[in-house]
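Please open the structure in your viewer and keep the selection panel at hand.

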Amino acid sequence: MSIQRKIAFVTGAAGGLGKAVIDKLISDDYIVLINDKDDKELEKIVNHYPAGNIYSYSFDVTSEESWKEVSNQVRKGFGSLDVLLNIAGIFKIKTIEETNLDLWHSTMEVNVTSTFLALKEMLPVLKKGSSIVNISSIASFLGSKNRIAYAASKGAVASLTKAAAIELAPRQIRVNSVHPAYIQTKMADHAADATDRTTAEMGSRIPLYQRISTPEEVADVVAFVASEKARFMTGAEIVVDGGQSVN
């Protein structure tokens with residue numbers, strides 16, 4: 001297939017941030033390849049846009065074999081990628097005592113291993129000048145009470161990003177991480193329930209606007225970092241938190 005438009009691959013497409021990123025990329029005239037385990041939600045997303053703009057790949061992002069297979073499918077169907085966006089992630093608020101090994105391992109698998117596998121297996125189809133954006137969190141560098149597995153996993157994503165940025169710079173492939181605070185998604189709803197607060201109360205301590213961000217506000221930054229407008233950025237940690245981390 002001869003493709004003139006830029007092509008992006010997005011994991012975690014069924015989540016609130018994933019959907020906002022997809023919408024932004026489509027509006028920027030990308031062809032978007034989307035992933036999630038939720039088949040029904042992927043179908044809804046695909047049907048929301050005109051044919052030829054979006055294609056779905058339902059698989060477990062922690063599976064090495066699945067990534068190998070999808071990488072081959074992308075190569076055969078589209079030739080190469082311009083952008084890889086690793087958004088898939090899980091988040092649970094638990095104390096250290098409540099965090100069992102199953103939760104620890106599953107958090108690391110989804111948040112870190114999937115990012116590594118995406119990078120490793122998609123590398124053969126990432127062209128010169130392409131961009132990888134990994135979603136981390138301000139929890140990667142702030143003390144985060146009752147979320148030890150999540151904070152550790154996002155710290156690992158930040159470090160992985162820097163290591164990959166140095167290794168891939170000679171190929172002119174950029175690798176950056178975006179670090180949001182809470183976004184108005186199901187993750188924020190979980191945090192509100194777990195801490196007996198409303199999302200409005202959670203946002204009241206954020207200096208800018210005194211609210212948590214919308215998915216669209218973070219998606220705009222993700223799309224910028226992925227684009228040629230950020231062509232001299234690699235290994236960067238881009239914080240999108242309304243000033244929460246410096247307050």
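A salt bridge is taken here as a side-chain nitrogen of Lys or Arg within 4 Å of a carboxyl oxygen of Asp or Glu. The model is predicted, so local features need pLDDT of at least 70 and side-chain atom pairs count only at pLDDT 80 or more, while totals for chains, interfaces and linings use all residues. Residues are numbered from 1 along each chain as its sequence is written, and side-chain values use heavy atoms, with hydrogens and water left out.

**Salt bridges**

Across the whole structure, a search finds nine salt bridges. Asp29 lies in the loop between helix H1 (16-27) and strand S2 (31-35), and Arg5 in the segment before strand S1 (7-10), so the pair ties together parts that are 24 residues apart in sequence. Helices (H or I, at least four residues) and strands (E, at least two) are DSSP runs, numbered from the N terminus. Asp29 is partly exposed, with a relative accessible area of 46%, and Arg5 is partly exposed at 27%. In these terms, buried means under 20% relative accessible area, exposed means over 50%, and partly exposed lies in between (1.4 Å probe, protein chains only).

Next, select Asp82 and Lys127, whose side chains meet in a salt bridge (3.3 Å, N to O). Asp82 belongs to strand S4 (residues 81-86) and Lys127 to strand S5, so this pair ties together parts that are 45 residues apart in sequence. Asp82 is buried, with a relative accessible area of 11%, whereas Lys127 is partly exposed at 35%.

**Helices H3 and H4**

Now display helix H3 (residues 64-78) and helix H4 (residues 101-122), whose axes come within 9 Å and cross at roughly 35°. Axes are lines fitted to C-alpha atoms, for helices over the stretch in contact, and angles run from 0 to 180 degrees between N-to-C directions. Which residues meet where H3 and H4 are in contact? Glu64, Trp67, Lys68, Val70, Ser71 and Val74 in H3 meet Ser114, Leu117, Ala118, Lys120, Glu121 and Met122 in H4; contact means heavy atoms within 4.5 Å.

Within this pairing, select Lys68 and Glu121, which form a salt bridge with the closest N and O atoms 3.3 Å apart. Lys68 is in helix H3 and Glu121 in helix H4, so the bridge ties together parts that are 53 residues apart in sequence. Is Glu121 buried or exposed? Glu121 is buried, with a relative accessible area of 9%, while Lys68 is partly exposed at 29%.

**Loops with positive phi**

Most residues other than glycine have a negative phi. Move to Asn146, a residue other than glycine with a positive phi near 65°. Asn146 is found in the loop between S5 and H5 and is partly exposed, at 29% relative accessibility.

Then select Gln210, which is not a glycine either and has a positive phi of about 50°. Gln210 sits in the loop between helix H7 (199-203) and helix H8 (215-226) and, at 48% relative accessibility, is partly exposed.

**A last stop**

Finally, select Leu142 in the loop between strand S5 (126-135) and helix H5 (148-168). Leu142 is partly exposed, with a relative accessible area of 30%.
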